[in-house]
Amino acid sequence: MERVFNFAPGPSALPLSVLERAQQEMTCCSGSGMSVMEMSHRSPAYQAIYDDAVARLRALMHIPEEYAVLFMHGGATMEFSAVPLNLSIKGKADYIDSGNFAHVAAEEAKKYTSVNIVASSRADGYTYVPEWKGRLSADADYVHITTNNTIYGTRYTALPETGAVPLVADMSSNILSEPYDVMRFGVIYAGAQKNIGPSGVAVLIVRRDLLGHAAPQCPKLLDWVLQEKNGSMINTPNTWAIYLCGLCLEWLQSMGGVESIEKTNIEKAAMLYDFLDESRLFKPTAQKEFRSRMNVTFVTGSAETDARFVQEAKAVGLVNLKGHRSVGGMRASIYNAMPVEGVEALVAFMKKFEAAC
Ligand code: PMP
């Protein structure tokens, strides 16, 4: 069977070369005579795979030594809890509510700290990133943002200036798609299933001076200090997923790294938005200034036409274009692994569909 162009929001398309390599190494990984899934996580062979993945992420994001890099269980959602459990000293935190996951992160944090929603675009359907300037508290433990809003297709075009207050970012849906200065952040975390690898694990980048404040009730698997001390191996990690993350990171390096893929990502997003801006049938939903380069959201204005579009696109191998169930419409997720040809095929199909309408 032919492979399709998969526009899924996550789990999402992985580079074909990564899948083929994993297939080749499925029964004998790194000359060990076994699959990575059969290796002891305490073995030198697996340790080398883990160290390699961490080193590649450090190189790709230019992560300085004063930051720890960890692989955590439970995806980004687990870090929604881990953030307040590890960073609460004064017991208050600022959250910017720019989308569903930002909202969920704040709701989860309320169990452990006093949450101040400094700005929200919820009432306007999250079509933009709300203005935070002049609204941040000087004495918060941290400020939490979501750099790319996966469901609504918006992104931060500038980062809040938080002074001495650590900036914490959920980068799940745009990590490694554009360069970020890690030093601007106290903490970066991301579920792996968009630009890093398979689902179920999260990457955590934390400035070391912020470590050591875990709440007494913090479960040990969420305690960043303990995970750091144990090389993300307090218990048995998801070795298979971390191995695949390493392969994806190696692939990204072979593509020229983040600086290079950003150019392709800008090009891919522009192809779609340029068409949407002149289309008489399709309308982009995010405010222009805040358009995501990873998740392009659009509608026709008719739920019936939207459904027909999604179905007909699927029939020609352009799959998973249905918008999130909470907003409807369409969403083309075009993460790093989506080739330019996939976006070209989508735009060509949209033109054809429009002409026939
Ligand atoms: N944050 C963002 C921005 C996301 O897009 C997602 C998942 N789509 C999550 C958090 C939740 O991630 P996970 O399913 O890995 O917990």
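## Basis of the description

A residue is called buried under 20% relative accessible area, exposed over 50%, and partly exposed in between, computed with a 1.4 Å probe on protein chains only. By this rule S35 is buried, with a relative accessible area of 4%.

The model is predicted: local features need pLDDT of at least 70 and side-chain atom pairs count only at pLDDT 80 or more, whereas totals for chains, interfaces and linings use all residues. Residues are numbered from 1 along each chain as its sequence is written, and side-chain values use heavy atoms, with hydrogens and water left out.

## The surroundings of S35

S35 is placed in the loop between α1 and α2; helices (H or I, at least four residues) and strands (E, at least two) are DSSP runs, numbered from the N terminus. When neighbours within four places in sequence are left aside, S35 is in contact with E25, M26, T27 and C29, contact being heavy atoms within 4.5 Å. From C-alpha to C-alpha, S35 and E25 are 6.9 Å apart in space and ten residues apart in sequence.

The side chain of S35 also has a polar atom 2.8 Å from the backbone nitrogen of M37. A polar contact is a pair of N or O atoms within 3.5 Å; within protein, one must be able to donate a hydrogen and the other to accept it, and residues adjacent in sequence count only if both atoms are side-chain atoms.

## Nonpolar cores

A nonpolar core is a set of buried Ala, Val, Leu, Ile, Met, Phe, Trp, Tyr and Cys residues joined through side-chain atoms within 4.5 Å. The largest such core has 59 residues, and L57, M61, L176 and I205 have the most contacts inside it. Helix α6 (residues 239-254) supplies the largest share of this core, ten residues.

Apart from its neighbours within four places in sequence, L57 is in contact with I63, V69, L176, V203, I205 and L249. A second, separate core has 27 residues, among them A68, A76, L85 and V206.

Two strands pair if DSSP finds at least two bridges between them. Strand β5 (residues 143-146) pairs with β8 in the parallel sense over four bridges, and A169 in β8 is the bridge partner of I145. The pairing of β8 with strand β9 (residues 187-191) is also parallel, over three bridges; here Y189 in β9 is the bridge partner of D170.

## Salt bridges

A salt bridge is a side-chain nitrogen of Lys or Arg within 4 Å of a carboxyl oxygen of Asp or Glu. The whole structure holds 18 salt bridges. One of them joins R21 and E250, with the closest N and O atoms 3.4 Å apart. R21 lies in helix α1 (residues 16-24) and E250 in helix α6, so this pair ties together parts that are 229 residues apart in sequence. R21 is partly exposed at 31% relative accessibility, and E250 is partly exposed at 26%.

E250 also forms a salt bridge with R56, where the closest N and O atoms are 3.7 Å apart. This pair links E250 in helix α6 with R56 in helix α2 (residues 44-61), distant parts of the chain 194 residues apart. R56 counts as buried, at 19% relative accessibility. A network of salt bridges links R21, E25, D52, R56 and E250. Elsewhere, the side chains of E178 and R155 meet in a salt bridge of 2.9 Å, N to O. E178 lies in the loop between β8 and β9 and R155 in strand β7 (residues 154-155), so the pair ties together parts 23 residues apart in sequence. E178 is buried, at 10% relative accessibility, and R155 is buried with a relative accessible area of 10%.

## Ligand surroundings

The ligand is surrounded by 13 residues, of which T77, T150, D170, Q193 and K194 are the closest; a residue is near a molecule if one of its heavy atoms lies within 4 Å of it. A side-chain N or O atom of T77 is 2.5 Å from an oxygen atom of the ligand. For T150, a polar side-chain atom lies 2.4 Å from a ligand oxygen atom, and for Q193 the distance is 2.9 Å, again from a polar side-chain atom to an oxygen atom of the ligand.
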